[in-house]
Amino acid sequence: MSDNSAGSTAAERGLKGADETVASFEERDVGLVRRAQAFLHRFPTSIPFIVLLIGIVIFSIAAPGKFLAPFNFSLILQQVTIIAILGVAQTLIILTAGIDLSVGAIMILASVVMGRTAVVYGVPVEIAFPLGLLCGLACGLVNGIIVTMLRLPPFIVTLGTWSIFGALNVWYSRSETIRSQDMQEAAPFLQWTGTVIKPYDFFSRTLGLDWVFLKGWVLTYGSIVMLLVALAVWYILNKTAFGRHVYATGDDPDAARLAGINTNKTLIGVYALAGFICAIAAWVLIGRIGGVSPQAGQTANLDSITAVVIGGTSLFGGRGSIIGTLVGALIVGVFRNGLALSGLELLWQDFAVGVLIIVAVTIDQWIRKLSA
Amino acid sequence: MLKKIMLAGSILALSAMPVLADEVIGLITKTETNPFFVKMREGAQAKAAELGITLQTAAGKYDGDNDGQVAAIENLIAAGAKGFAIVPSDSKAIVPTIQKARDAGLKVIVLDTPLDPMNAADATFATDNRKAGQLIGAWANKTLGDKAKDAKIVFLDLATNQPTVDYLRDQGFMQGFGIDVKDPNKYGDEDDPRICTHEISQGDQEKGRTAMENALQKCPDVNVVYTINEPAAAGAWEALKAVGKDDGSVMIVSVDGGCPGVKNVEAGVIGATSQQYPLKMAAMALEAIHSGTLPEIDPAVGFFDTGAQLVTAKPVDGVPSITVEEGLKLCWG
């Protein structure tokens, strides 16, 4: 003990005259940046909110009169609903440091199973709809089982199942579109998610309230389904043991295992739940396009990953939130709609989304430095 | 171990022999999933069974996948095919590989999308997409009558890089409608005030709806919507329906003639669509390769036009059209 302290004193004496403030932060110069970094580290979800606000301000100026209107915001909300629901599923997977490339394919397959079974094969929708949900769940389960039992990287597994589910889609759908009118006749329930609601009319009719700020807003039941799905998954992640296991497994699987968590069971649960949520997205998709298009959703998997990443969820697992993903999806929607209304070509929309992704990951890395 | 693998290999080769003994003809499409190509393949399969030949089909992984098609051609050369029909994904990049196949003695017939240059293939069977566009353009103009001069038109196009089929249909529509197209091989350079906006639908129903929603924000008083294909038209209809514009105030025109599309003409969703004939293209190509004789091709056109017919429930004078019933008999997908 005494030897040690003597040694260190000797070393310190050797440093005499050198800058003795090396270990302290330069409060005045970097204080603001540091404080921002600390703030963002504590509240990572605030970044997407800030980006969303910046986007709204920019496009209010770039497309005056058109962008900043309740109806336009309603449109954006409707346009991002499907990607947001897939994003919730994707968030679950990415929280475990995995990735799911097959979410879009699961959604389309489930929509084909629901729609074709009901409309073409004339099965009652009470059976066809649960069958579609079950199909999504089964696809997710397959992903989860292969990831855990064969110990393969999720990227590879879902790259494979993306292809497999896509082939099953072509086989079952025969690439045939189901028209909106046929759907309405045979299974109107599947279109329910596309039903329009006007909140102002609703509240003035039912409660006699004159909430002027609601005028102009147009929602669909699909948006409400999205919020319910997000709420349910938020609850599972934050208020249940399973949810804590998901975060723990993603943060450090070895530590989680040592702490007594059955990580395999957790992972299978996560993939199955994600598959089920994709099937709910399928229902919302049918509502949005009126029918079933086996060609739709080609880019949905990457779009969902984009929403998750921009929403501040770390691709390295263990950190992120559902609310961030919803805002992430909204950001993409705001930028795409805003750029379109400003008269810019689609290629610049793609350009902007690309920049957003890189900025989001850069910020994520920067925040992580503080925790390291 | 090595011996075993070699043995297995030779057994595989032997089992492939009977196929080689047959006459093999290939069909390469852009993708596996697009109903247009699915039906094309079905038409080819039926024809192959009738002619007693072996059909070997392949496709790119996605629209624009040139490498996938190059591999498919190499496989057909290796299989000793007599020839093949191909819908090129990239009409320029595939040309050297097609030359290689022709040098190896294969007959090559290009379907749907002509090569650049067109004479790089033995023959081309295709829809005249500009004519298809002109038909719906002329129909829209005649149907509007006097109102055509104050029309507000939204274009739901295919992609930002304007592939051949995209600008041919778009510009054809304009020519048929009576709009000065400036450069006839490019859209977006016109200054006619009736053009409200060009949006990109990617030929997809969901993206078509989004494109129409954004277009409506720019052009609330739109009354004509041109769509690159029928899925885009169906998506546009959902967007119009959501804002109560499904009351006949907006006319949608399209190109393709798939069965869901023709049924949408019947239902009044689409005013008119130009129908094309993928089954006919594929069947004709197989027959030509099998018999070795090509149909007569007008050198002025450069390709064999498999035809495009206007399908509408409301015919107008001066624009030839067929009825919905006839369209349903000929439809695909």
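Visitor: How many Å apart do the C-alpha centres of domain 1 and domain 2 of chain B lie?

Guide: In this predicted model, the C-alpha centres of domain 1 of chain B and domain 2 of chain B lie 32 Å apart. The domain assignment gives domain 1 as 2–127 + 279–302 and domain 2 as 129–275 + 308–330. Between them, four residues of domain 1 of chain B are in contact with six residues of domain 2 of chain B, and the domain 1 side of this contact divides into one nonpolar, three polar and no charged residues.

Visitor: What confidence does the predictor give to chain B, and where does pLDDT stay under 50?

Guide: Where pLDDT is low, the predicted coordinates should not be read in detail. For chain B the mean pLDDT is 89, with 94% of its residues reaching 70 or more, but over residues 11–20 of chain B the pLDDT stays under 50, and the model has four contacts for that stretch beyond four places in sequence. For the complex, the predictor gives an ipTM of 0.73 and a pTM of 0.79.

Visitor: Which helices of chain B supply the side that touches chain A?

Guide: The contact joins 26 residues of chain B to 28 residues of chain A. On the chain B side, α2 (35–51), α7 (205–218), α8 (230–242) and α9 (259–266) each supply at least two residues, and the largest share, eight residues, comes from α7(B). By residue class, this side of chain B divides into eight nonpolar, 10 polar and eight charged.

Visitor: Is Gly60(B) buried or exposed?

Guide: The cut-off for a buried residue is 20 or more other C-beta atoms within 10 Å, and Gly60(B) is buried because 24 other C-beta atoms lie within that distance. Gly60(B) lies in the loop between β2 (54–59) and α3 (66–78) of chain B, and, leaving aside neighbours within four places in sequence, its contacts include Lys30(B), Thr31(B) and Ser89(B). Ala49(B), by contrast, is 11 residues from Gly60(B) in sequence and 24 Å from it in space, C-alpha to C-alpha.

Visitor: Which residues touch the most other members of the largest nonpolar core?

Guide: In soluble globular proteins, nonpolar side chains tend to be buried together. Here the largest nonpolar core has 93 residues, of which Ile85(A), Met107(A), Ile277(A), Cys278(A) and Ala281(A) touch the most other members, while helix α13 (residues 263–289) of chain A contributes the largest share, 19 residues. Not counting residues up to four places away in sequence, Ile277(A) touches Ile85(A), Val88(A), Ala89(A) and Val229(A). A second, separate core of 56 residues includes Ile136(B), Ala140(B), Val224(B) and Ala272(B).

Key. Residues are numbered from 1 along each chain as its sequence is written. Chains are lettered from A and ligands numbered from 1 in the order in which they are written. This is a predicted model: local features need pLDDT of at least 70, side-chain atom pairs count only at pLDDT 80 or more; totals for chains, interfaces and linings use all residues. Two residues are in contact if their C-beta atoms, placed from the backbone, lie within 7 Å. Helices (H or I, at least four residues) and strands (E, at least two) are DSSP runs, numbered from the N terminus. Ala, Val, Leu, Ile, Met, Phe, Trp, Tyr, Cys and Pro count as nonpolar, Asp, Glu, Lys and Arg as charged, and the others, Gly among them, as polar. pLDDT is the predictor's confidence in each residue, from 0 to 100. Domain bounds come from an automatic or database domain assignment. A residue is buried if 20 or more other C-beta atoms lie within 10 Å of its own, exposed if 12 or fewer, and partly exposed in between; C-beta atoms are placed from the backbone. A nonpolar core is a set of buried Ala, Val, Leu, Ile, Met, Phe, Trp, Tyr and Cys residues joined through C-beta atoms within 7 Å.
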